[in-house]
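Dear colleague,

I am passing the structure below over to you, and my notes on it follow directly after it. Please read them with the coordinates open beside you.

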Amino acid sequence: MSGGDTRAAIARPRMAAAHGPVAPSSPEQNGAVPSEATKRDQNLKRGNWGNQIEFVLTSVGYAVGLGAFMFPYFIMLIFCGIPLFFMELSFGQFASQGCLGVWRISPMFKGVGYGMMVVSTYIGIYYNVVICIAFYYFFSSMTHVLPWAYCNNPWNTHDCAGVLDASNLTNGSRPAALPSNLSHLLNHSLQRTSPSEEYWRLYVLKLSDDIGNFGEVRLPLLGCLGVSWLVVFLCLIRGVKSSGKVVYFTATFPYVVLTILFVRGVTLEGAFDGIMYYLTPQWDKILEAKVWGDAASQIFYSLGCAWGGLITMASYNKFHNNCYRDSVIISITNCATSVYAGFVIFSILGFMANHLGVDVSRVADHGPGLAFVAYPEALTLLPISPLWSLLFFFMLILLGLGTQFCLLETLVTAIVDEVGNEWILQKKTYVTLGVAVAGFLLGIPLTSQAGIYWLLLMDNYAASFSLVVISCIMCVAIMYIYGHRNYFQDIQMMLGFPPPLFFQICWRFVSPAIIFFILVFTVIQYQPITYNHYQYPGWAVAIGFLMALSSVLCIPLYAMFRLCRTDGDTLLQRLKNATKPSRDWGPALLEHRTGRYAPTIAPSPEDGFEVQPLHPDKAQIPIVGSNGSSRLQDSRI
């Protein structure tokens, strides 16, 4: 990938942007139908976002990734990314349910929701390990000299050749360019390792020689993992009410850091070369299917589709919120931030390449090599390098937390909505704590000396083609099983207008075709996973495939279970009954259940939707009865 894969930590780090605060008292500003009172959108049982800016910030913080393939990236964003994003937001908002509850639309496909939960579990486990490593580097940057700046540390080997070490050996100051003999060494010696690489491999990870050799648990990383999960839990202690306030900072401050790094980066010598390397497309590869498949996959993963997080976050929206507007804003913010971040990354890498006297392609890296080796090494060349390092890793922490909030809330919301009784609603904080503790315990093996091998295994298999399968089946279930006309009518009832024709065409034809295209090329282009020069053994690859299949198999297994539990004299009759919407499918609040969703009988608490006061501020009105006795009039239906 020609400089496109700038994902700053293995998985898909996120970042966020904002538009101006929205006053919750104004229905028009909230995207509501003008004649609809805003207070009637409140879901007293589940709760809602404090205002719309909190939802937008959280969703962008969940979605935005650091990476772009330029032309193919933009095409895939328009025809696949934004339509799928809008579908998931509208799906969750209409039903006000998490990734399990929404499948009242077609109960036989509830396995799709379970598959999303499994994927979110895998990602949540290893993603917080990435955050904990960023925490470790952040704490390590609190020093006068960065520990990965020189080769004079106890963990360094004889092969270590640091840029600053070489500068000190020449004349005690950093030269404009390295001597020709050292430049030749850096260009051609296969033995050269940078101090940042040895710090990462030999000190931070103490990397073992095999995925099966766990060695010892790295206690500093374990402590940082505990800090990561504690921060996530405290920010979600009150669900979206607390995380919605936190994202005001976590979603916007990374832009401040990016801008600071951008201004510093573009003023460095050689920055222009790095930016040109980033912007110049390799036209000879533009017709290769792999480039388009990679771009589509990057859009798919960076937006977070099929993880369940988009459905979950949208489920806390007010019913008439304009999620169409939100999906466009968030998706475009994703793309714009990816491009902007590319300028920041490659301006610094261009400076580093100029300093070493090598091509930018020699210093550009991807995955963990970019976040924890290449970029930290480039930062050592800057004056006051610990300051820039602190800013960079603090930004990575905030990016990771934005995604982790949504991953944890996805699991908690699915559990709470599935149980659905008053007890678990009141004990939601304990559910959040339980999920956080389980995530911490399951992440401990990833802090061992073989942890990075397992982390990469989970990233490559647990959240790869399974997401494509889940998303494809979701499109088919909504558009062709439930029916595109029904879904378009639902959106019109919710937003006041049907989805634009472009989205209708994409949902029915274009997006499923692109998803199928991604799936085919994921299979065709499959290559066994490697880490640097380490080839994963067959048994480890088999575990990776089992992780991938564990989420996909939820779909047919639950479908068979549902068929067995559904009434019907024949298999065809059972199939029809299992795929038609359940009786409680539709808007969660009674006041929004109009048209074909209007109840024909008096609702009961078991119906699955919430009955609440039409006027909560006048819920009980004292009146005097005909017999002169005073009583309370309950305005609940």
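The sulfur of Cys132 lies 6.0 Å from the closest cysteine sulfur, that of Cys224, which is too far for a bond, given that a disulfide is taken as a pair of cysteine sulfur atoms within 2.5 Å. Cys132 is buried, with a relative accessible area of 0%, where buried means under 20% relative accessible area, exposed means over 50% and partly exposed covers what lies in between, with a 1.4 Å probe and protein chains only. Cys472 is likewise in no disulfide, the nearest cysteine sulfur, in Cys475, being 6.8 Å away.

Before going further, please note that this is a predicted model, in which local features need pLDDT of at least 70 and side-chain atom pairs count only at pLDDT 80 or more, while totals for chains, interfaces and linings use all residues. Residues are numbered from 1 along each chain as its sequence is written, and side-chain values use heavy atoms, with hydrogens and water left out.

A search of the whole structure finds 1 disulfide, and it joins Cys151 to Cys160 with an S to S distance of 1.9 Å. The torsion about the S-S bond of Cys151 and Cys160 is about -65°, so the disulfide is left-handed. Cys151 is buried at a relative accessible area of 18%, and Cys160 is buried at 13%.

As for the chain overall, its secondary structure comes to 24 helices and 4 strands, these being DSSP runs numbered from the N terminus, with helices as H or I of at least four residues and strands as E of at least two. Of the 637 residues of the chain, 58% count as buried. The chain exposes about 25,400 Å², of which carbon and sulfur atoms supply 64%, the areas coming from the Shrake-Rupley method with a 1.4 Å probe and, for residues, only the protein chains shown counting as cover. Among contacts (heavy atoms within 4.5 Å) with a separation of 6 or more, residues 24 or more positions apart account for 80%.

Leaving out residues up to four places away in sequence, Tyr536 touches Ile211, Ile452, Tyr453, Leu456, Leu457, Ile529, Thr530, Tyr531 and Val541.

Helix α3 itself has 31 residues and reaches 45 Å from its first C-alpha to its last, close to the 45 Å expected at 1.5 Å a residue, where the expected span is 1.5 Å times one less than the number of residues. Of the 31 residues of α3, 27 are buried, so the helix is largely enclosed by the rest of the structure.

Helix α16 (residues 385-419), with 35 residues, reaches 51 Å from its first C-alpha to its last, close to the 51 Å expected, and it is mostly covered, 29 of its 35 residues being buried. After α16 comes Gly420, whose phi is positive, near 75°. Glu418 lies in helix α16 and, at 35% relative accessibility, counts as partly exposed. Apart from its neighbours within four places in sequence, Glu418 is in contact with Leu100, Lys110 and Tyr114. Glu418 and Gln97 are 321 residues apart in sequence, yet 9.3 Å apart in space, C-alpha to C-alpha.

Finally, the aromatic rings: those of Phe, Tyr and Trp (its six-membered ring) pair if their centres lie within 6.5 Å, and planes under 30 degrees apart count as stacked, over 60 as edge-to-face and the rest as tilted. By this rule the count comes to 53 aromatic pairs. One of them, Phe79 with Phe502, is tilted, at 5.8 Å centre to centre and 55° between the planes. Phe79 lies in helix α2 (residues 71-95) and Phe502 in helix α21 (residues 501-524), so the pair ties together parts that are 423 residues apart in sequence. Phe79 is partly exposed at a relative accessible area of 32%, as is Phe502 at 33%. The rings of Tyr487 and Trp507 have their centres 5.9 Å apart and their planes at 65°, so that pair is edge-to-face. Tyr487 is buried at 2%, and Trp507 is buried at 0%.

With best regards
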